[in-house]
Amino acid sequence: MFITGLGTATPQHRFTQKECWDIFSASELSRQLDSRSRAIIKKVLTGNNGIVSRHLVLERVDEAFDVTPDILHARYTKHAPLLATQAAERALADAGTERNQIDALLISTCTGYLCPGLTSYVGERLGLRPDVLNLDLVGQGCAAALPNLTTAQALLASGRCKHVLSVCVEVCSAALFFENDAGVLISACIFGDGAGAAVLSNSPNGKRSIEWKISGSVLAPNDRDLLRFEQKAGMLRNVLTPQVPALAAKHAAKVFADVLTRANVPRNNVNGWVLHPGGRDVLLALHESLGLTPRDTRWSESVLREFGNLSSASLFFVLKAAFADSAPSGYWWMSSFGAGFSCHGALLEVS
């Protein structure tokens, strides 16, 4: 499988972390939370946590404080199809692939729910053929990009499809929750909105190519309750615990070692690193477990700095940044992790 086109999309409005703090600190919501919670939010929004700004579908920051189930669902319903379509259109243009050539559309999301799923709305907006295979993939959190791409690889390998369109879209501002819980509050301060897409084919398109070689995954259900969504008061509430960076680092190292062994590729042959930027502490833990340098994670850090954590869409942003930065050819390692607790990795060959 070859990744022949990449596209990303973010909402128009960009907010700095400092701007978010200034507006929150003067709000009624701030006065409703206890002093410890206000201190946590101030530390995340004004401290050195690797994030400078985020793109949100909101027109004003204070819209984030309106968190009824109906408002959040309407926010997701309006913006998720739009962002997904924009990213998909850009990936198709980058690949030079016509819309009528797409045989399957795969969309992953975790920040909202529609039935029929997003593929119905995005396929319609794109004008895809009516016989396209549509797969809506949900419940995989930040890790979803790699399972999505792995499914595309299976469809291509089966001969069922010649061109697959893979999309991840998250409207994290439609999954906001506020209460005196550190994980909930940190989530509200680090996640942004956006979509990423890729066109996958069985042959390259004549440009510099990204070939999918081999992949692997690990699932640790015993750690499920350390990172997940739960329903509370009719809304999604993110469960985010301090153990997440260490878990991500441990499982990422295991998947990496297992895949390299199966591929018979030496560790020092890996020239590029495309890692989900879950947060500053996650990237620091990955530095240690994978033996990385700041240069190795520069694309992940850049995406985190400008966009925050985009959940499942993040990996497309990092891959696009690396590919646009004249990164060295050869083997690249791509990895994502999230709810489950799950971790995934894929070895790419770039030429």
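Which residues of H3 are buried? The model examined here is predicted, and local features need pLDDT of at least 70, side-chain atom pairs count only at pLDDT 80 or more, and totals for chains, interfaces and linings use all residues. Residues are numbered from 1 along each chain as its sequence is written, and side-chain values use heavy atoms, with hydrogens and water left out.

In H3, the buried residues are Ser-37, Ile-40, Ile-41, Val-44 and Leu-45. Buried means under 20% relative accessible area, exposed means over 50%, and partly exposed lies in between (1.4 Å probe, protein chains only). Helices (H or I, at least four residues) and strands (E, at least two) are DSSP runs, numbered from the N terminus. Seen down the axis of H3, the buried residues fall within an arc of 115°, so they line one face of the helix. The arc is that of the directions from the helix axis to the C-beta atoms. An α-helix has 3.6 residues a turn, so residues three or four places apart point the same way. Ser-35, Arg-36 and Lys-43 are exposed on the other side of H3.

Helix H3 covers residues 35-46. Its 12 residues should span 16 Å at 1.5 Å a residue, and the end C-alpha atoms are 16 Å apart, which agrees. The expected span is 1.5 Å times one less than the number of residues. At the start of H3, the backbone nitrogen of Arg-36 lies within 3.2 Å of a side-chain oxygen of Asp-34.

The buried residues of H3 pack against helix H1 (17-25), strand E3 (53-56) and helix H7 (182-190). Contact means heavy atoms within 4.5 Å. In H1, Gln-17, Cys-20, Trp-21 and Phe-24 are buried. They cover an arc of only 100° around the axis, which puts them on the same side of H1. Their cover includes strand E2 (13-16), helix H2 (28-32), H3, E3 and H7.

Elsewhere, nine strands form an open sheet with mixed pairing, in the order E5-E4-E6-E7-E1-E8-E13-E12-E11. Strand E5 (133-138) and strand E11 (270-275) are the edge strands, each pairing on one side only. The twist averages 25° from one strand to the next. Two strands pair if DSSP finds at least two bridges between them.

Strand E1 (residues 2-9) and strand E8 (residues 210-219) run antiparallel and are joined by two bridges. Phe-2 has Glu-211 of E8 as its bridge partner. Ile-3 stands opposite Ile-210 in E8. E8 and E13 also run antiparallel, joined by nine bridges. Here Val-218 stands opposite Cys-343 in E13.

Cys-343 is buried, with a relative accessible area of 0%. Beyond its neighbours within four places in sequence, Cys-343 is in contact with residues including Gly-216, Ser-217, Val-218, His-251 and Phe-337. The C-alpha atoms of Cys-343 and Asp-94 are separated by 28 Å, the two residues being 249 apart along the chain.

Thr-8 lies in strand E1. Thr-8 counts as buried at 15% relative accessibility. Not counting residues up to four places away in sequence, Thr-8 touches Ala-87, Arg-90, Ala-195, Gly-196, Phe-316, Phe-317 and Lys-320. Helix H11 (residues 314-324) lies across several strands, among them E1, E8 and strand E13 (342-350). H11 runs at about 110° to E1. Axes are lines fitted to C-alpha atoms, for helices over the stretch in contact, and angles run from 0 to 180 degrees between N-to-C directions.

How values were computed: Polar contact = N/O pair within 3.5 Å; in protein donor to acceptor, adjacent residues only side chain to side chain.
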